[in-house]
Amino acid sequence: MSTPVTDVEEPSRPARSRRRSALALLRDIVVILLVAVLVSFLVKTFLVRSFYIPSGSMENTLMVDDRILVDEITPRFGGYDRGDVIVFRDPGGWLPPSTAPERPPVVEAGEWLLSLVGLAAPDSDDHLIKRIIGLPGDRVVCCNALGQIAVNGVPLDEGSYLRLPAGQTAASADAFDVTVPEGSLWVLGDNRYSSKDSRYNQDQPGAGFVPLDNLVGRAFLITYPLDRFGLIDFHHEVFSGVPAPEGAP
């Protein structure tokens, strides 16, 4: 007596079609995600970067924990202007040594991945953000009888953005008279009495000046919190009457 043969039922055509469709959909999702990460990485590297504000040195223009976007490409072609709010790498000695504890590798990897798409800014604590007051060749002096800073002999009315202590009218508690060297900038914080800026780093190797090579770009947009979403005001009108430095072409 022969043993009956049990046929293995092949999947129906609709079932095979559904499996192929699911695999194709999964493949498309992976490709889209990879392209999105690549595009975000390229944008972050060459066009726009995200940072958060770790201190109050730029209040009330920028508040602690604000998230901002920094334009990396426009300044490379058009240069920088007085009044621009810029992000730059520490020229040396401006920031204290980091005391943050080491984090698990998985946390570091996760933050790195988020930074690729602009959802994290792990290197914000290694950078500074200030306002440009003096360009290469400018003579910047503080202060006149009214407590104003002068650039190339023209006093600045900085009242539209300065945060000063109650009862204080001078734009700086410390006098200075500097000429900005070629390839550098003189920068100050808007919260002028709570900002460790060019004035307080004149004893460092760079004498308080920020090399143009250290610049990341120009901050232009607050993205978070949402109630502060908007463009950053450069107040270029404050500097509109400042002439070019002597000897400039």
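**Figure 1. Asn60 in its loop.** Asn60 is partly exposed in this predicted model, with a relative accessible area of 46%. To find Asn60, look in the loop between strand 1 (48-52) and strand 2. The peptide bond that joins Glu59 to Asn60 is cis, with omega at about 5 degrees. Which residues does Asn60 touch, once its neighbours within four places in sequence are left aside? Asn60 is in contact with Arg163 and Arg228.

**Figure 2. Asp65, a residue with a positive phi.** Asp65 belongs to the loop between strand 1 and strand 2. Its phi is positive, about 75 degrees, although Asp65 is not a glycine. Is Asp65 buried or partly exposed? With 44% relative accessibility, Asp65 counts as partly exposed.

**Figure 3. A nonpolar patch on the surface.** Three residues make up this patch: Leu47, Ile73 and Phe77. Together they have about 300 Å² of accessible area. Ile73 sits in the loop between strand 2 (67-71) and helix 2 (74-78). Because its relative accessibility is 32%, Ile73 counts as partly exposed.

**Figure 4. A disulfide between Cys142 and Cys143.** Here the sulfur atoms of Cys142 and Cys143 are 1.7 Å apart and form a disulfide. The count of disulfides comes to one. The peptide bond from Cys142 to Cys143 is cis as well, with omega near 0 degrees. How do the two cysteines stand in terms of accessibility? Cys142 counts as buried at 6% relative accessibility, whereas Cys143 counts as partly exposed at 31%. Cys143 lies in the loop between strand 5 (139-142) and strand 6 (149-151).

Figure 5. Asn152 has a positive phi, near 50 degrees, and is a residue other than glycine.

**Figure 6. Aromatic rings that pair.** How many aromatic pairs are there? The count comes to three. One of them brings together Phe88 and Trp94, whose ring centres are 5.6 Å apart. The planes of Phe88 and Trp94 make an angle of 85 degrees, and the pair is edge-to-face. The angle is over the 60 degrees required, which is why the pair has that name. Both Phe88 and Trp94 are buried. Elsewhere, ring pairs link Phe176, Trp186 and Phe209 into a cluster.

**Figure 7. The chain as a whole.** The chain holds three helices and twelve strands. Of its 249 residues, 37% are buried. The chain exposes about 14,700 Å², and carbon and sulfur atoms supply 60% of that area. What share of the contacts between residues at least 6 apart in sequence joins residues at least 24 apart? The share is 73%.

Terms used
Residues are numbered from 1 along each chain as its sequence is written. This is a predicted model: local features need pLDDT of at least 70, side-chain atom pairs count only at pLDDT 80 or more; totals for chains, interfaces and linings use all residues. Side-chain values use heavy atoms; hydrogens and water are left out. Helices (H or I, at least four residues) and strands (E, at least two) are DSSP runs, numbered from the N terminus. Buried means under 20% relative accessible area, exposed over 50%, partly exposed in between (1.4 Å probe, protein chains only). Contact means heavy atoms within 4.5 Å. Accessible areas come from the Shrake-Rupley method with a 1.4 Å probe; for residues, only the protein chains shown count as cover. Patches are made of residues with over 30% relative accessible area and no salt bridge: like charges are joined within 9 Å, nonpolar side chains (Val, Leu, Ile, Met, Phe, Trp, Tyr) within 5 Å. A salt bridge is a side-chain nitrogen of Lys or Arg within 4 Å of a carboxyl oxygen of Asp or Glu. A disulfide is a pair of cysteine sulfur atoms within 2.5 Å. Rings of Phe, Tyr and Trp (its six-membered ring) pair if their centres lie within 6.5 Å; planes under 30 degrees apart count as stacked, over 60 as edge-to-face and the rest as tilted.
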